[in-house]
Amino acid sequence: MGETVSRIAMMHKLFHAKTLPEMIGYGRDLVGNPIILTDLAHQVLCMSEEPDLKDPKWMEIARKHCVPVNQAVARVHRR
């Protein structure tokens, strides 16, 4: 039950965040994975802070502030 309460508390923080970096940070904590938000041209709008992540692709994206097209994944939802 403790984990459920903490997830609910984190979702509450996420829904009441006032800035995009704050939302991304809470979302990262909620899902447990790094998060990148990009526009349609794959330019980075916001990234979660990951000081311990040494993945070369993540570091390149952080440095260039864009996701290379060959690494961008598009998913189309079809009904």
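Predicted model: local features only at pLDDT ≥ 70, side-chain atom pairs only at ≥ 80, totals over all residues.
**Entry 1: the place of Glu-50.** I began by locating Glu-50, and I found it in the loop between strand E2 (44-47) and helix H3 (56-64).

**Entry 2: the surroundings of Glu-50.** I asked myself which residues Glu-50 is in contact with, once its neighbours within four places in sequence are left aside. I noted Arg-28, Pro-34 and Trp-58. I also noted that the side chain of Glu-50 makes a polar contact with the side chain of Ser-48, at 2.7 Å.

**Entry 3: the salt bridges.** I reminded myself that side chains of opposite charge can pair when their charged atoms come close. How many salt bridges does the count come to? I wrote down 2.

In one of them, Arg-28 pairs with Glu-50, and the closest N and O atoms are 2.7 Å apart. Arg-28 lies in helix H2 (residues 20-31) while Glu-50 is in the loop between E2 and H3, so this pair ties together parts that are 22 residues apart in sequence. Arg-28 counts as partly exposed, with a relative accessibility of 21%, whereas Glu-50 is buried.

I also looked up the salt bridge that Lys-64 forms with Glu-60, where the closest N and O atoms are 3.2 Å apart. Lys-64 and Glu-60 are 4 residues apart in helix H3, which means that about one helical turn separates them. For Lys-64 I recorded a relative accessible area of 47%, so Lys-64 is partly exposed.

Definitions and conventions:
Residues numbered from 1 in each chain as written. Heavy atoms only, no water. Helix = DSSP H or I, 4+ residues; strand = E, 2+ residues; numbered from the N terminus. Polar contact = N/O pair within 3.5 Å; in protein donor to acceptor, adjacent residues only side chain to side chain. Contact = heavy atoms within 4.5 Å. Salt bridge = Lys/Arg side-chain N within 4 Å of Asp/Glu carboxyl O. Buried < 20%, exposed > 50% of the residue type's maximum accessible area, 1.4 Å probe, protein only.
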